[in-house]
Amino acid sequence: MSVAGIDVPLELDRAEQALRIGRHDLALEITAKVLTAEPDHAGAHYLMSRAECLREQPHRALESIVKAVRLQPEEPLYLAFHGVLLGAVKKNAEADKAFQQALRMDPDHDLIHYWYAEFLLQNRQQPDRALDHIQRALELDPGDADYYTLHGRILWEKKKPKAAREAFQTTLRLDPEGLNIHYNYGLFLLNQNRPKPAFQHLREAVRIDPGDPDIRETFLLSLKAKHPVYRPFRSWALFMSRMGRWRWLLIIGLFIFLRPLFLLHLLFVILFWMVDPLFNFLVRRGWIK
C-alpha cells in the first residue's frame, strides 16, 4: 500500500533487512519516514521499538512498543516484545503478565517462547521454567541457532555442562560465524577452566564486534587465563566460586583445624591481588598474546 508516495510494505521490509544486518540507524530512519506518512502504523512502531532496543535505548523502545500495542492489541508478538522491554527496565511483574497474555493468544509462537525463556533465566532466575519454554521453541523451530545458544546457557545454569556443550556445539554447526555463540561458548569454556579453546572463541567474538566492552573484558580474562602462571590462580578462584556460600565454611574450617592450609589459601588470595593487575599491565603492553 502506498501512502503519500511511500510504498509502506516495501519500506518496512527494508527496515527489517536493515535490522538483520545491524544497520539500526538506517532502520530508525526508514520507520520514521513511514510514521511521518502513516502515524498509526503499528508495524512501523514495532520495528522502531526493535531498532531503539538494539541501540540500547530501552525507555524510548518501550514508548514505541506501547504505541504498537495500543494500535493493535490483538497482535501477540507486540505484547511479547512489550514484555521484553518491561524486563529490560526491571518491571518484572508487568513483563511476566505481558508474556503470559501473548502466549495465551498464540501458544505456538516459537519466538515468544524464546523471549520468555530469556526473561525467566535473566530476570527471574528460574532456569527450570526457562528450560520448558526454550525446549518448546526448539520443537517449533529446530533450525534457529540462537535458540540452541539459550538452551546451552540454561543447561549451564542448571549445572549440566555436558548437555550445555552439546547445545553450544549444535549452534556452531548451524551458525559458525555467529557472534552470540562465540561469546557464550567462550564464556562457558572459561567457566569450565578450558582457557585455550575459550580464548579462540572469544577472539572470534572480538573480531566480529570489537566495540562491545563485555566481550573485550571477557576476552582479556581468557588471554590471562591461558597463561601457565595465571592459570592456578584462576583455577582456585573458579573452585571457590563454585562452592558458593560453603566457601566460608571451608575457610573457617581451614582456620580452625588446618591452619597451614588456611595460610596457604590466604597467600593465594594475596598473590592473586598482585598477579591480576600485573597481568593487566603485561597485556596492555602487548607482552602477553
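Ring pairs join Y46, Y78, F81 and W115 into a cluster; rings of Phe, Tyr and Trp (its six-membered ring) pair if their centres lie within 6.5 Å, with planes under 30 degrees apart counted as stacked, over 60 as edge-to-face and the rest as tilted. The model is predicted, so that local features need pLDDT of at least 70 and side-chain atom pairs count only at pLDDT 80 or more, while totals for chains, interfaces and linings use all residues. Residues are numbered from 1 along each chain as its sequence is written, and side-chain values use heavy atoms, with hydrogens and water left out.

**Aromatic pairs and a charge over a ring**

- The whole structure holds 12 aromatic pairs.
- One of them is the tilted pair of F99 and F119, with 5.3 Å from centre to centre and 40° between the planes.
- Because F99 belongs to helix α6 and F119 to helix α7, this pair ties together parts that are 20 residues apart in sequence; helices are DSSP runs (H or I, at least four residues), numbered from the N terminus.
- Y116 and F119 form a stacked pair, because their ring centres are 6.2 Å apart and their planes meet at 15°.
- Y116 and F119 are three residues apart in helix α7, which means a separation of about one helical turn.
- F99 and F119 are both buried, a term for under 20% relative accessible area, as against over 50% for exposed and the range in between for partly exposed (1.4 Å probe, protein chains only).
- The relative accessible area is 1% for Y116, which is therefore buried, and F119 is buried at 5%.
- K226 lies over the face of F199, at 4.7 Å from the ring centre; the criterion is NZ of Lys or CZ of Arg within 6 Å of the ring centre and within 35 degrees of the ring normal.

**Largest pocket**

- The largest pocket contains about 2,200 Å³ of space. A pocket is found on a 1 Å grid over the protein atoms alone, as an open set of points where a 1.4 Å probe fits, with protein on both sides within 12 Å along at least five of seven lines; lining residues have an atom within 4 Å of a point.
- Its lining comprises 43 residues, and C53, L54, Y114, E118 and N180 lie nearest the centre.
- Helices α1 (8–20), α3 (42–54), α5 (76–88), α7 (110–122), α9 (145–157), α11 (179–191) and α13 (213–225) each give at least two residues to this lining.
- Helix α5 has the largest share, with seven residues.
- By class, the lining of the largest pocket has 22 nonpolar, nine polar and 12 charged residues; Ala, Val, Leu, Ile, Met, Phe, Trp, Tyr, Cys and Pro count as nonpolar, Asp, Glu, Lys and Arg as charged, and the others, Gly among them, as polar.

**Second largest pocket**

- The second largest pocket contains about 290 Å³ of space.
- Its lining is made up of W156, E157, K159, K160, P161, N191, Q192, S241 and R242.
- Helices α9 and α14 (231–243) each contribute at least two residues to it.
- Two of the lining residues are nonpolar, three polar and four charged.

- V89 is located in the loop between α5 and α6 (92–105) and is buried, at 18% relative accessible area.
- Beyond its neighbours within four places in sequence, V89 is in contact (heavy atoms within 4.5 Å) with P58, H59 and L62.
- V89 and H59 are 30 residues apart along the chain, and their C-alpha atoms are separated by 7.5 Å.
- H82 lies in helix α5 and is buried, at 17% relative accessible area.
- Neighbours within four places aside, H82 is in contact with L62, I65, V66 and V69.

Terms used. Points joined across faces, edges and corners; volume = space filled by probe spheres on them.
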